[in-house]
Structure formats: structure tokens, C-alpha cells
Amino acid sequence: MTVLVLGDQLVREVGPIAERPDERVLMIEARAFAHRLPYHPHKLTLVFSAMRHFRDKLRAAGRQVEYRQAETFGEGLASHFEAHPGDELAVMRPASHGAARRLRELIEREDGSVDVVDNSLFLCSRADFDTWIDNRSTPYRHEEFYRFMRRETDYLMDGDRPVGGTWNFDQENREFPGPEHEPPDPPRFSPDDLTRDVAEWVDETFDGSYDGPPYGGDWADPESFRWPVTREDALAMLDGFVEERLVAFGPYQDAMLDGEWAMNHALLSPALNLGLLRPAEAVEAVIAAGESDPDIPLNSVEGFVRQIIGWREFVRHVYRTTMPGLADANQLDADADLPEWYWTGETDMACLSDTIASVRERGYSHHVQRLMLLSNFALLYGVDPRQLNRWFHAGYVDAYHWVTTPNVVEMGSYGAGVFATKPYAASANYVSRMSDYCPDCPYDPDETTGDGACPFNALYWDFLDRNEIDLRRNPRMALMYSYLDDADSQAIRDRVRTLRRMEKDGEL
Ligand code: FAD
Ligand code: SF4
């Protein structure tokens with residue numbers, strides 16, 4: 001019997017590894033996946049370094065670990081079964097669609113067997129979600145799921161009532177900071193020798209990662225890597241968030257400031273998605289801080305809890321129950337190519353240039369930048385959601401198919417209409433209200449047509465116009481369509497034609 005630990009299940013406290021403390025552990029470091037997409041080097045460094053640190057920590061704790069490096073996962077398994085014929089493996093269910101079935105097939109091909117158990121890195125089990133959704137008249141409503149999860153977990157509950165008298169403080173979480181607000185610097189985890197070796201190996205082995213020449217970049221410099229690769233670092237990241245940034249997390253959750261790539265966000269998704277941190281510990285640390293520190297407002301605590309026990313769990317189950325269709329969903333028939341500057345960051349649009357610079361530098365941008373800038377622009381421009389999904393998947397350190405796909409294809413691109421009740425489409429008005437980008441931008445957020453008008457504006461009206469058959473009947477879009485009726489549609493079409501030509505000529 002062997003416990004199989006997958007690369008995004010680096011947890012010792014729960015699951016088969018905790019339940020079978022005397023069993024051998026198998027880890028397979030397969031590299032073929034890393035050639036399939038032009039991954040950001042920091043993503044690859046993070047995954048491989050975290051795996052190797054986990055191996056070393058286990059060994060130091062006295063566990064027998066067989067760490068097999070192979071080209072493919074199948075080859076790693078074959079060498080395991082050569083050494084241990086007929087072995088039985090125990091593993092937590094992988095989050096990726098079809099991965100459990102493929103794993104079973106590979107193991108049975110080697111005459112082994114496998115016990116796939118529930119994945120303890122999520123709070124809501126498959127069975128609980130399936131029962132919940134079976135009892136819904138309107139399926140896939142996040143707010144209802146979130147309330148269900150609050151009751152199930154008893155987080156922020158006062159008996160059967162939500163603490164503070166309301167479930168959701170979203171209205172209080174749309175503030176824009178004054179000039180005195182300076183988000184504290186987030187912790188940076190300097191790479192140790194192991195991480196430096198991995199970063200150099202990634203640079204040599206996956207040359208051309210992310211976008212490669214001619215874009216250059218100093219990602220290969222191991223010192224530029226900043227993410228936690230061990231549980232200790234992940235816990236330090238959580239502490240840093242709770243102590244310094246949680247207090248203003250709620251109010252400024254939707255705000256964007258030029259050059260402030262982290263704002264007051266937690267930066268915990270890379271660690272959570274690798275298993276270095278469990279969702280329950282993050283939520284419980286935040287709730288405890290809210291209870292003991294009167295300066296931390298309830299809207300910050302509740303806002304964070306909702307992201308973790310609500311959105312994160314929700315998108316995981318949306319993905320699980322709507323794949324494989326979700327990955328190719330494209331209900332608006334968007335077929336434009338992703339602009340090249342998503343890779344290079346070479347655009348005059350100040351908001352997108354700053355956001356893409358952050359992705360290029362560290363494989364991260366915060367949620368509002370992902371949704372209201374990067375996805376919003378692609379949505380308005382009519383980019384094929386599969387191309388956008390591929391870009392997010394390659395560029396972000398926290399990207400895994402189970403979480404990127406529902407966020408990009410459904411939330412960002414309105415690809416399937418599973419849980420999004422309308423597209424997250426917005427003009428420059430939104431960006432101008434929620435950021436400080438526009439004053440320094442060569443484009444004018446108040447203009448829709450004519451040279452120098454902000455591209456978001458004409459593209460926004462053109463998006464409504466192009467998708468009228470699908471969207472006008474949506475009651476949540478009625479107001480915007482009433483404005484469209486008064487717009488100068490010829491001038492808008494002309495402006496959009498110019499913008500598309502500028503994009504082709506690299507002038508946008
Ligand atoms: P915070 O803003 O501090 O939020 C705290 C935590 O809540 C996050 O760490 C994350 O675990 C969870 N969370 C919040 N919103 C979501 C959500 N919509 N889906 C899942 N978890 C959520 N998240 C990823 O983990 N990987 C991705 O590849 C990813 N791609 C995205 C692509 C798009 C287009 C959009 C709109 C969102 C995407 N998200 C993704 C969700 C969210 O943007 C990130 O989880 C968040 O920005 C991570 O940064 P943070 O830890 O500072 O988050
Ligand atoms: Fe972005 Fe338009 Fe504002 Fe420029 S003017 S920063 S492109 S929203």
C-alpha cells in the first residue's frame with residue numbers, strides 16, 4: 001500500500017497521508033504537462049519547488065518517500081509498479097476533469113489498484129453539493145450556495161441567523177481609497193537554494209516559457225520569484241494578510257490603483273490551490289482576528305469568508321458538474337483572436353498595460369483586474385473564450401483548469417450562462433470610477449467616438465449591438481439597451497472598425 005500525493009495536494013494534515021502515517025508515499029514529478037502551454041516560469045518554479053520542499057519535509061519527518069522524476073505521469077507510475085508489483089495506491093480525488101478516471105486507467109494498466117477518496121482540500125463534498133443542487137428550483141445561484149455553506153460550516157453564524165444581521169456586506173465593499181491609503185507591502189519569500197536551483201532548471205528546460213523571445217524579461221532571475229513554496233511560508237502569508245491587509249480588504253475589494261498590484265488582497269490562492277494551506281484554516285484565522293481586533297470590520301471578514309467558502313467552492317463544483325462542455329462553451333459565438341499585447345503588455349491603455357505588467361512580472365493580478373479589465377476587454381472585443389482561458393492558464397501562478405475555466409469562460413466571458421445572469425460588461429465609466437488609471441492614460445474615458453476616445457466605450461456599445469438577439473431579452477440588460485437605442489450606432493461602428501485596425505497594426 002502506498003499513498004500517492006499529487007502535485008497540487010501538498011498537505012500532510014488531512015487525507016490518506018494523515019490517515020496512513022506508516023505507509024510509503026509516492027510523488028511523481030512529471031514534466032510533459034509543462035511543455036503543453038507557454039507557462040509563466042514562476043508558475044513552474046512554484047509547482048516544482050513546492051513539490052520538492054514537500055518531499056524533503058516528509059523525509060525529515062521520517063516518512064519513506066519515493067520521488068520519481070519522469071517525462072510523463074504514466075512513466076512515473078510504470079517505474080513505481082516495476083519496483084512494487086501489484087501495489088495498491090490511495091489518493092485524494094484530483095480536481096481536474098477526467099483526471100481520476102485517467103489515473104485509474106494508468107494504474108490498472110500496470111496491474112495495480114487505487115482507492116480514490118474525497119478531496120479534503122475543499123470544504124463542500126461532491127455528495128453535499130449534489131444534494132444541495134438537486135433541491136434547487138433555480139440551480140447554480142452563488143448567493144444561495146453561500147448561505148448554505150455558512151449554515152453547514154457555522155462560520156459567522158449566530159444560531160440560524162448571520163452574524164451582523166445580514167448575509168452579505170457587498171454594498172460596503174465598493175469604496176475607493178483616498179490619497180492617504182497606501183496598501184502595506186505584501187510579504188515576499190526570497191527563494192532558498194532549492195527554489196533557486198528549480199528556477200534555473202525551469203529556465204533551461206522550458207526555454208521560451210510564457211512568451212519567450214522576443215519579449216524578454218527577467219523571470220529567469222531566481223531573485224524575481226516571490227511566492228510561498230512551503231507550508232511555513234504559506235502560514236506566514238496568511239499571518240501577514242490578517243495582521244496588515246485584512247482591515248481594509250473589504251472596503252477596497254473592488255478598487256484598482258496604478259502600480260498597486262496587490263492592494264489589500266490576500267495573495268493566498270497560489271498556496272491554497274497547491275494544498276499548502278487549507279481553506280478552513282484561512283477562514284478561521286480571519287474570523288478569529290475579526291473577533292479579537294475591534295479595528296477589523298465585519299465587512300472585511302465576511303467579504304473574505306464569502307470568497308473562500310462561497311466562490312472558491314462554488315466554481316469548483318460548477319466546473320465538476322458542467323465539464324466537459326464548459327471548456328468549449330461560447331454561447332455568444334465570440335471568435336476574435338486574443339490580441340498579441342495580452343502577452344507583451346505593449347498597449348497604450350494605461351489600465352491594461354499596468355495589469356499585464358503585473359502578470360508578466362509575477363504571474364498575478366487581483367480579481368477586479370482579472371474580471372473588469374482583462375476579461376471585460378476580451379468580452380467586448382469578442383475574443384474566443386478558449387483563447388482567453390489558455391492565456392490565463394499559462395500566465396497565472398494560481399491557475400489550474402478547475403478554477404481558471406469557470407472564472408474565465410463563465411464569469412469573464414459569459415460563455416455558458418450557467419451561473420452568470422448577465423455578462424460582466426462595462427465601459428470606461430466603471431474603470432474610471434473604481435481606479436486611478438484614467439487621468440494618466442492617453443485615451444479619454446469620457447469619449448466614445450473619435451480619435452483618442454477610450455476603446456472600452458465604443459466596444460461596449462458595439463458588444464451590445466452585436467449580441468442584441470441574445471441579450472436584449474435579458475431583463476437585467478434592459479436599461480443598457482434603452483441607452484443603446486439613443487446612441488449614434490454608425491459612429492460607434494466606425495470607431496470599432498478603427499480600433500480593430502489599430503489592434504492589428506499594434507497601435508492600440
Ligand atoms: P482575494 O481577493 O484575497 O480572495 C481570497 C481568496 O478567495 C482567493 O485566494 C481565492 O482562493 C478565493 N476566491 C475569490 N474569488 C474566487 C473565484 N472567483 N474563484 C475561485 N476562488 C476565488 N482564482 C484562482 O485561484 N485561479 C485562477 O486561475 C483564477 N482565474 C481567474 C480568472 C478570472 C477571469 C477571474 C475573474 C477570476 C479568477 N480567479 C482565479 C479568482 C480570483 O480572481 C482569484 O482567486 C484571486 O484574485 C486570487 O488572489 P487573492 O488570493 O489575493 O484573492
Ligand atoms: Fe483604461 Fe480607458 Fe481609462 Fe485608459 S481611459 S485607463 S483605456 S478605461
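The model is predicted, and local features were considered only at pLDDT of at least 70, side-chain atom pairs only at pLDDT 80 or more, whereas totals for chains, interfaces and linings use all residues. Residues are numbered from 1 along each chain as its sequence is written, chains are lettered from A and ligands numbered from 1 in the order in which they are written, and side-chain values use heavy atoms, with hydrogens and water left out.

Strand β2 comprises residues 24-30; helices (H or I, at least four residues) and strands (E, at least two) are DSSP runs numbered from the N terminus. Seven of the seven residues of β2 are buried, where buried denotes under 20% relative accessible area, exposed over 50%, and partly exposed the range in between (1.4 Å probe, protein chains only). In a regular strand the side chains alternate between the two faces of the sheet. In β2, one side carries R24, L26, I28 and A30, the other carries V25, M27 and E29, and both sides are covered.

Strand β2 pairs with two further strands, pairing being assigned if DSSP finds at least two bridges between the strands. Strand β1 (residues 2-5) runs parallel to β2 and is joined to it by four bridges, with T2 standing opposite R24. Strand β3 (residues 65-70) is also parallel to β2, and six bridges connect the two. Within this pairing, V25 has V65 as its bridge partner, and M27 stands opposite Y67. Strand β3 is itself largely enclosed by the rest of the structure, because five of its six residues are buried.

The structure contains 30 salt bridges, a salt bridge being a side-chain nitrogen of Lys or Arg within 4 Å of a carboxyl oxygen of Asp or Glu. One of them joins E66 and R68 at 2.9 Å, N to O, and both residues are buried. Another is formed by R151 and D160, whose closest N and O atoms are 3.2 Å apart. Residue R151 has a relative accessible area of 44% and is therefore classed as partly exposed.

A further salt bridge connects E281 and R231, with the closest N and O atoms 2.8 Å apart. This pair links distant parts of the chain, since E281 belongs to helix α11 (residues 279-292) and R231 to helix α9, 50 residues apart. Residue E281 is buried at a relative accessible area of 16%, while R231, at 22%, is partly exposed. Both residues take part in a network of salt bridges that also includes E13 and R278.

Helix α9 (residues 231-245) also holds E244. On the surface, E244 gathers with E182, D185, D239 and E243 in a patch of negative charge. Such patches are made of residues with over 30% relative accessible area and no salt bridge, like charges being joined within 9 Å and nonpolar side chains (Val, Leu, Ile, Met, Phe, Trp, Tyr) within 5 Å. With a relative accessible area of 42%, E244 is partly exposed.

Residue V418 lies in the loop between α18 (401-412) and α19 (428-434). Its relative accessibility is 18%, so V418 counts as buried. The C-alpha atoms of V418 and Y140 are separated by 6.7 Å, although the two residues are 278 residues apart along the chain.

Definitions and conventions
Areas by Shrake-Rupley, 256 points an atom, 1.4 Å probe, with all protein chains shown as cover. Lys, Arg positive; Asp, Glu negative; His and termini not counted. Charge placed at Lys NZ, Arg CZ, Asp CG, Glu CD.
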